[in-house]
Every structure is written in C-alpha cells, then in structure tokens.
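Here are a few notes to read alongside the structure, in the order I would go through them.

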Amino acid sequence: MARTRAARRTIRHTAALGVAALALTACSATGGSPSGGSAGGDGTAGGSVTLVTHDSFHVSDGLLEQFEADTGLTVTQVAPGDGGALVNQLILTKDAPLGDVVYGIDNTFASRAIDEGVLEPYTSQVPAAADAEPYAPDDSGSLTAVDLGDVCLNVDHAWFADRGVPEPATLEDLTDPAYRDLTVVTNAATSSPGLAFLLATVGAFGEDGWQQYWRDLTANGLKVAEGWSDAYYTDFSGGGGGGSRPIALSYASSPPETIPESGGEPTTGALLGTCFRQVEYAGVLAGAQNPEGARRLVDWLLSDAVQGDIPGSMYMYPVSSAVDLPEDWAQWAPLADEPYTVPLDEIAANRETWVREWTDLVTG
Amino acid sequence: MTRPLTHPSPTGSGRPGTGARATPPGVPAPPPAAPTAPTAPGRGWAVARGTAWAVAAAVPLLFLGVFFAWPVLTLVGRGLVVDGSLDLSGFAEVLGRPRTWRIVGLTLAQATLGTVISVLLGVPGAAVLYRSRFPGRGVLRAFVTVPFVLPTVVVGVAFRALLRDNGPLGFLHLDGTFAAIVAALVFFNYAVVVRTVGGLWERLDPRPEQAARSLGASPARAFLTVTLPALTPALTSAASLVFLFCATAFGTVLVLGGMRFGTVETEIWIQTTQFLDLRAASVLSVVQVVVVVAALAVAGRARARRERALSLVDTPVRAVGRPHPLPAVVTAVVLVLLALPLAALLLGSLRTGDGWGLDHYRALGTTGGRNALTVTVWEALGNSLRAAVDATVLALVVGCLVALLVSRRPRRTAARRAVGVLDGVFMLPLGVSAVTVGFGALLTLGHPFGIATDLRTTGVLVPVVQAVVAVPLVVRTVLPVLRAVDPRLREAAGTLGAGPGRVLATVDGALAVRSAGLAVGFAFAVSLGEFGATSFLARPDRPTLPVVIFRLIGQPGADNYGMALAAGVVLALLTAGVMAVAERLRGPVGGEL
C-alpha cells in the first residue's frame with residue numbers, strides 16, 4: 001500500500017525534523033560549552049551557585065574566576081531586569097527561586113523584598129561587614145549593604161559660565177524663573193534615578209509638601225525624559241550628546257566622566273544639596289539550593305578585591321572603609337554630606353501611592 | 001513571458017489554490033478529483049492520513065502551548081486567581097479607572113493612525129519598488145526593511161536626537177508629542193506594507209488592468225477599480241500586522257512619549273515590573289488580547305472575501321520602466337524621511353571626542369569604557385547570530401507546519417473552523433506583551449516536565465522566545481504561496497500514483513521552498529533584533545547584540561554611547577544584508593511579507 005507507507009514516512013519525517021531541529025538548537029544555543037546551571041551544591045564547598053543580579057552588575061575580569069578558584073564553586077549569573085523588575089521577579093518566583101544569592105536590591109525596594117520573605121538572614125563576619133552595618137534596612141540581617149551612591153542633579157559649568165548665570169544649588173532654586181526650561185529629570189515610574197529623585201523631594205518637602213514642589217517645577221518648564229541615558233545624552237548640554245538643558249538628573253559619580261581627554265577639571269558638577277542616597281544590597285535567597293555557596297558570595301562581594309573594583313565597574317561607592325576610591329573620584333566625585341532620606345518602612349508603605357500621584361501630577 | 005499560475009476556477013467562485021473547496025457548505029457533490037479517489041485503499045489509509053495531520057498539528061501546538069500559552073496563562077492566572085478562586089472584580093476596578101480608558105483610547109488612536117499612514121505611504125512604495133524598474137531597486141528594497149528590525153532603544157535615541165529642541169528637526173516642535181510616536185511607528189512598519197503589498201502586486205496578472213485601460217479607463221480609474229481590489233488581501237494582511245505591531249509597541253512609545261502617551265503595553269510593563277500589580281496587568285493583558293483578536297477577525301474577514309478570484313502569475317510581471325511620477329515623488333520623500341534617523345545614528349557613531357573617526361567602531365572589539373560589558377560587541381554579535389540560527393530553524397519548522405495546516409481547506413465544517421482558529425492562534429504572540437511572556441516564562445519554565453536543569457538560567461530559552469515571535473511572520477510568508485498552489489496540481493500528482501507524502505514534497509514543498517528564503521530572512525532578522533523577552537532570559541555572560549546596545553547606552557561615558565550607536569549601525573547593516581540575501585533567495589512566488 002504505497003500511500004500508507006508514504007503517510008507513515010511523512011509522520012516519521014515530521015518527527016525526525018522536529019527532533020533534529022531541537023537537537024540543533026540545543027547544541028548551538030549553548031555554543032558548545034554548556035556550563036553551570038546544573039543542580040546546586042549540598043551545603044559543602046564546591047558545586048555551583050547561581051547569582052541573581054540587576055542588569056548593571058559587573059566586576060572586572062578575573063575577580064569572579066579567582067572566587068571560583070578559591071572556593072571550588074562554579075558561579076552562574078542571571079540578570080533578569082533592572083532594580084524594580086528584579087525584586088518583583090524574585091517575589092513571583094520565590095517558590096522556585098531563580099538562584100541562590102541576589103545582588104542589586106536597593107533601598108527603595110528593600111523592605112518589599114524582606115516583607116515578602118524572599119530572603120534568608122545571613123550576617124557576614126568579614127571586616128567590611130562592620131562598615132555595611134549602619135546601612136542595614138532592619139536588624140533581621142536579611143540584606144547586607146554592598147555599595148552606595150548619590151542620585152543628584154548635575155550642571156553643565158560652561159553653560160552657566162558663558163551666560164553669567166549663577167549655578168543653582170538647591171531644589172528650591174529650580175523653581176526660580178531664572179532657571180526656567182533648564183532642567184531635565186527622569187520618569188519616577190520607570191527609571192530608578194527618577195524614583196530616587198522623587199524620594200529626595202519627599203525627603204525635602206515632606207509627605208504633604210512634595211506635590212506642590214513638583215507643580216512648581218512642572219510650571220517652570222521641567223522636562224521628564226524616560227531613562228537616565230535619554231536625559232543625560234539627549235537633553236543634557238553637558239553629557240556630550242549636544243542637548244539643550246544644562247541641569248540634568250544623574251549621579252554624584254558622573255562628573256569625572258566629563259574630564260576632557262586633554263585632562264583638567266570636569267566640565268560638569270553634581271549639586272550635592274539635591275541628592276538622594278541609594279544603597280545596594282546583597283542577600284541569600286530563601287530556598288537557595290546552595291545556601292553555603294550563597295553566603296560565600298556575599299562575603300566575596302564585601303572583600304577588598306570586589307569593593308575596590310566597584311567604582312570602576314558599577315559607578316557606585318564601596319561600603320568598605322578599607323579600600324581607596326579612584327583618584328578622580330576622590331577629587332571630583334564626593335558624596336553628599338547630608339543626602340535627603342526617607343525611612344525605608346515609609347518608602348515601602350507609600351512608594352506606589354507616591355509614584356501614581358507623581359504620574360498624575362507630572363505627566364497627566 | 002508570463003504564464004498564469006492559477007486561473008479563476010471555471011465557475012468563477014473558487015479562490016485560487018482552493019478550487020472547489022471554497023464551495024459553500026451545503027452544496028453536495030464534492031469534485032470528482034478529490035484525494036479520496038476511487039483508487040483509495042480505504043479506511044486504513046484515511047486513518048494514517050488523519051494521524052499524519054494530527055502529528056503535524058501537534059508539533060506547533062505543543063511548541064506554542066509550552067513556550068507561549070502556558071507562561072502567559074500562568075501569569076494572567078496569578079493576577080486573576082485569589083486564594084484559589086477566580087476573582088474577576090479586578091476587571092470592574094481596572095476598567096473603572098479613567099486612566100485605563102485613556103490608555104486604551106491612546107493605544108487604538110496610535111495604532112489606527114500608524115496603520116493608516118503606513119498603508120497610505122506603503123502602497124506607492126510598493127508600486128515603485130515592486131512594479132517599476134530602475135537601478136538600485138534591490139538596494140532600496142533591503143534598505144526599507146532596516147527600520148523594521150532595529151532595536152527600539154536605538155531608534156528612540158536617533159529620533160530624539162533629530163527632534164529635540166536644538167536638533168535638526170527641532171523647529172517642528174515634535175519632541176514628546178503624539179505625532180512623534182506615530183512617525184516612529186510608521187518608520188518601523190513602512191516596510192511591512194511595502195513588502196506585503198509589493199510581493200503580491202509583482203505577481204498580479206496585469207491583463208485585467210490592461211483590459212480596463214483598453215476599454216477606456218483612465219490609469220487612476222483602472223487602478224482604483226481593478227488593481228486596488230485585487231491587492232486587498234495583501235492590504236488587509238499588511239494592515240492587520242501593522243496594527244498589531246503598533247498596538248503593542250513598547251520601547252518606541254516609552255522613549256518618545258513617556259507616560260503621557262502610554263499604551264496598554266507600556267502600562268502592563270509598569271504594572272508588572274514596577275508595581276507587581278498582577279491583577280491590573282492581567283486585566284490589561286486580557287483587554288489587549290481582545291483588541292488584537294478583534295483586529296485579526298476583521299482583517300481575516302476582509303481578506304477571505306477578497307482572496308477568491310485572484311489570479312497570479314508565477315514570475316514577476318515584467319515591470320514597466322520608470323515609476324509613475326506621483327508614487328515616485330511620495331516614495332522619494334518617504335525614503336528621505338526613513339534615512340534621516342538612520343543618518344543621525346550613523347553620524348552619532350562617527351562623532352568622536354575631537355571630531356570624526358572610526359574610533360567607536362574600533363572599540364567594538366573591546367568591552368567598552370571601564371569594561372562596561374562582559375563580552376566584546378563582536379562576541380555579542382556571535383551570540384546573536386547563534387541564537388538567531390536556532391530561532392530561525394525552530395520558527396521555520398513550526399511556521400511551515402502551521403502554514404501547511406492552515407493552507408488546507410477540509411470539507412468538514414468543524415475541521416475548516418479549526419484550521420481558521422489555528423491561523424489566528426499563531427498570530428497571537430505578536431499581540432501579547434513581551435513582559436507577560438518573559439515573566440510567565442520565569443514562572444513556568446524552571447524545571448518543566450521534571451527537567452533537571454533550570455531552563456531559565458541556561459540561556460536556551462532565548463532562541464525559543466525569539467522563535468515564538470518569528471513564527472507568525474514565517475506563517476504569513478509561506479501561507480499565501482501554499483494557498484496559491486493549484487489544487488489540480490496535487491490532484492494530478494495523486495492520480496498519477498504519487499502518495500500524499502510525495503505530493504506534499506514535490507508540489508507544496510517545491511513551491512513553498514521558494515518562499516522560504518524570505519521567511520528565513522525575516523525570521524533571522526526578527527531574532528537578531530528581538531529585545532523584550534530576550535532581556536529577561538539572556539545570560540549576562542552571553543548577551544545578544546540588542547542587549548549589549550541597551551547596556552552600553554545605559555552606562556556613563558561618551559565612548560560607551562558612541563559604541564552603542566556604532567553597534568546599532570552594525571546591527572542595521574547586518575539586517576540589510578540578511579534581507580538583501582533573502583530577497584535574492586526568494587523564488588518566483590512571493591509571500592505576503
């Protein structure tokens with residue numbers, strides 16, 4: 001029965017094609033070098049450990065390899081999104097955690113992660129842990145501070161010097177008509193510096209006053225860009241992209257990036273009276289396959305090698321007092337003496353309300 | 001030397017490629033040459049044939065079910081199931097917010113405008129690029145496709161560089177306006193219309209129009225009354241795709257419009273990633289799917305009414321010399337407008353700290369200023385190419401099976417309905433938000449079916465999610481070709497003794513393979529550019545090109561910014577190259593895209 005055979009052949013061909021496609025996919029997707037991802041260790045040294053981070057995590061070449069060589073652990077990295085998305089994914093997947101240890105939860109999301117039971121307490125005993133202690137979100141030991149930074153407005157020195165206009169210094173200055181149409185910030189609902197700046201205004205003007213400030217700011221020609229790069233490169237006159245606004249939301253660590261190639265002073269500066277402090281934490285994930293490996297990774301993040309690498313790799317300031325800042329940072333990128341702060345439990349309780357109110361207020 | 005591939009059926013009511021199968025239900029007497037000819041060996045054969053089709057249907061359904069439906073439904077379920085029981089009060093609450101309606105309205109307005117303008121500009125473009133001959137036509141065809149696959153973050157940068165106050169087009173004051181978003185949507189989707197309509201137009205039998213002209217109709221009248229109606233299937237197909245792309249645009253809207261012009265898609269993203277309000281996100285996802293299904297249904301009806309009585313020729317109609325002035329002028333203007341953001345991108349990539357140069361391109365072999373990246377851009381390109389190869393193979397296997405199934409017109413009404421539903425179901429991935437798919441995948445695909453390795457952390461899901469996005473494009477490219485196969489060819493092969501497998505291979509397969517070149521090109525290009533779902537699943541040590549571009553743009557330092565633009569140019573050139581090759585591989589029968 002020719003047709004029956006042909007039909008069977010069709011089935012076989014279809015099945016074979018499917019299998020072949022899957023096999024082909026499997027071999028080239030892994031690039032021929034399947035690594036990590038296998039089941040975790042059992043509490044002893046060795047095995048593998050999966051590090052979940054936000055998508056800006058990065059350390060210099062060789063550091064992670066050194067950690068692997070020292071501990072016998074294989075580190076797999078996962079970076080499923082930026083700050084907020086990271087925390088929310090950890091909450092969603094807490095029954096089947098994405099990994100063993102997390103780095104990159106910041107102080108605007110720390111309380112939510114703790115409240116949702118995503119973390120397992122661990123108190124590191126390495127020397128830098130003492131430096132990290134004052135930044136702890138609570139005394140449960142769930143999260144260990146690894147680095148910090150200040151979100152501040154930056155100004156383009158040349159723009160103000162050329163026009164003989166004094167640079168602004170405070171948040172209030174920005175609502176002065178002299179600074180009309182000069183400021184660009186980022187969306188508080190979609191960018192983490194934007195959220196930090198919203199919190200700075202809450203810290204400065206209080207829970208009842210921040211809205212009026214934003215009304216005034218909007219009335220004074222504020223521009224809201226979507227993300228940091230959008231604001232800094234497209235709208236900021238000092239970012240190198242040729243924008244038109246001389247005041248932009250960025251970081252205290254941004255000015256050294258604007259030192260001309262020929263050397264000298266940065267062409268921009270941070271307004272240290274407008275800052276909100278971001279702290280980034282690491283923690284062991286509840287339900288980790290390899291909690292021991294996870295703890296070792298937290299210790300490693302506090303080691304001198306990693307702490308010293310953080311400014312260069314992640315543009316944040318180490319919590320450890322034992323390492324030196326890069327020279328240009330020490331000179332041109334000081335942290336604010338008195339950044340604005342909002343208690344973490346207040347942030348956790350009100351963040352969404354504030355962001356929704358901000359959205360209605362500023363973007364309509 | 002044009003030879004009609006299919007003629008309208010003798011009764012004038014059959015659609016090409018379906019012959020008498022388009023006979024309305026209730027009409028008795030199937031055509032005598034149906035596959036169940038008297039020589040059929042009977043029940044055993046029918047069972048085997050049924051099994052073969054069932055397997056052919058099972059593979060794509062399983063693929064879509066595991067990698068798309070399961071993740072999406074799980075996430076939506078999380079939002080709508082409270083304490084084990086379905087809680088639909090979220091609908092009342094979310095649909096009661098004025099903001100929701102404003103966003104739904106904005107989404108529809110932006111998608112409708114984007115679609116209408118793309119079609120109005122794309123039809124002249126199709127006439128010029130597919131119905132006229134002039135030097136450089138092939139290059140322009142590849143060029144118009146570049147925007148379609150550029151990462152939105154790159155396009156956003158380029159658009160904003162043009163539109164900001166002190167930019168070259170700053171005098172238009174379009175920065176941050178609704179018009180800017182619509183312009184960007186047209187920028188992305190122009191190629192969809194040009195290719196879809198052009199591909200059909202190129203093969204449209206010119207004789208009816210010639211006849212109309214010889215009977216005294218003016219060129220405009222002949223176009224409006226003869227050619228345009230014949231183009232309707234391609235027009236509706238293009239319009240529905242563009243509508244889907246516009247209605248679910250994410251990065252473009254976010255970068256160019258912020259929250260002022262949020263869409264359902266951006267709202268889902270914010271509710272999910274920032275607020276973890278899965279209830280709101282689920283309701284909005286359902287709203288989005290309803291809009292998408294409605295759009296597909298409307299397009300499907302319009303297409304089905306028009307697809308009959310269409311006659312195609314199997315080699316491109318010898319294009320009449322130079323293009324007609326009106327479409328030529330329109331197209332020239334559009335091409336200049338398309339080139340502007342691309343030029344802004346190119347110029348940005350060449351601008352160095354102290355003038356102009358190739359510094360940023362040389363830097364692509366490094367990991368960026370202060371080691372912004374974990375791999376060099378070239379290595380990321382390698383990762384992208386590998387993932388795209390895998391995604392293309394998967395999308396082709398699944399897409400061709402779907403196209404094969406959907407191209408059938410079974411006699412039984414139920415089976416015919418099933419085929420129609422299948423057609424629509426495989427379009428859905430274009431209409432569901434990437435964040436829903438990505439988050440859902442994280443929830444469901446850790447250890448599916450007891451697999452020991454956590455799939456979420458190995459990177460194997462990257463090509464899979466890219467394939468899910470590419471499958472609808474493969475289907476839409478291959479399907480019209482299969483539909484246009486004259487059933488009499490199959491029947492003739494059958495009566496000459498070929499088994500169904502053989503018929504499939506020598507008739508459908510041989511013809512479909514000629515459109516596969518374009519399908520490969522599209523699937524490959526879409527995989528290269530996919531960012532949304534990929535960003536959730538790519539391993540940090542094996543990022544794809546769009547992922548490193550996104551990362552470079554988010555890092556301080558003018559060098560990293562320049563490098564990101566240079567990497568964007570590389571991606572654009574690669575895409576244009578892939579599409580140019582695909583164009584050459586494309587056989588004489590064109591797909592809708």
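1. One cut-off to start with: a residue counts as buried when its relative accessible area is under 20%, as exposed when that value is over 50%, and as partly exposed in between. Please keep in mind that this is a predicted model.

2. B:Cys246 has a relative accessible area of 0%, so B:Cys246 is buried. B:Cys400 comes out at 30%, and therefore B:Cys400 is partly exposed.

3. How many disulfides does a search of the whole structure find? Over all chains, the search finds one. The link is made by A:Cys152 and A:Cys275, with their sulfur atoms 2.0 Å apart. The angle about the S-S bond is 110°, and the link is right-handed. Distant parts of the chain are joined here: A:Cys152 sits in strand β5 (residues 144–156) of chain A, while A:Cys275 lies in the loop between β9 (268–270) and β10 of chain A, 123 residues apart. Both A:Cys152 and A:Cys275 are buried.

4. Strand β10 (residues 276–285) of chain A brings us to one of its partners, β3(A), with which it pairs in the antiparallel sense over five bridges. In this pairing A:Val102 stands opposite A:Gly283 of β10(A). Strand β1 (residues 48–53) of chain A also pairs with β3(A), in the parallel sense and over three bridges; there A:Val52 stands opposite A:Val102.

5. Why is strand β3 (residues 101–106) of chain A described as largely enclosed by the rest of the structure? Because six of its six residues are buried.

6. In chain B, have a look at helix α14 (residues 377–407). With 31 residues at 1.5 Å a residue, α14(B) should span 45 Å, and its end C-alpha atoms are 42 Å apart, so the two values agree. The helix is also mostly covered, as 23 of the 31 residues of α14(B) are buried.

7. Lastly, chain B as a whole. Its secondary structure comprises 22 helices and four strands. Of its 593 residues, 60% are buried. Among contacts in chain B with a separation of 6 or more, 81% are between residues 24 or more positions apart. The chain exposes about 22600 Å², of which carbon and sulfur atoms supply 69%.

Key:
Residues numbered from 1 in each chain as written. Chains lettered and ligands numbered in written order. Predicted model: local features only at pLDDT ≥ 70, side-chain atom pairs only at ≥ 80, totals over all residues. Heavy atoms only, no water. Buried < 20%, exposed > 50% of the residue type's maximum accessible area, 1.4 Å probe, protein only. Helix = DSSP H or I, 4+ residues; strand = E, 2+ residues; numbered from the N terminus. Pairing = 2+ DSSP bridges. Expected span 1.5 Å × (residues − 1). Disulfide = S-S within 2.5 Å. Contact = heavy atoms within 4.5 Å. Areas by Shrake-Rupley, 256 points an atom, 1.4 Å probe, with all protein chains shown as cover.
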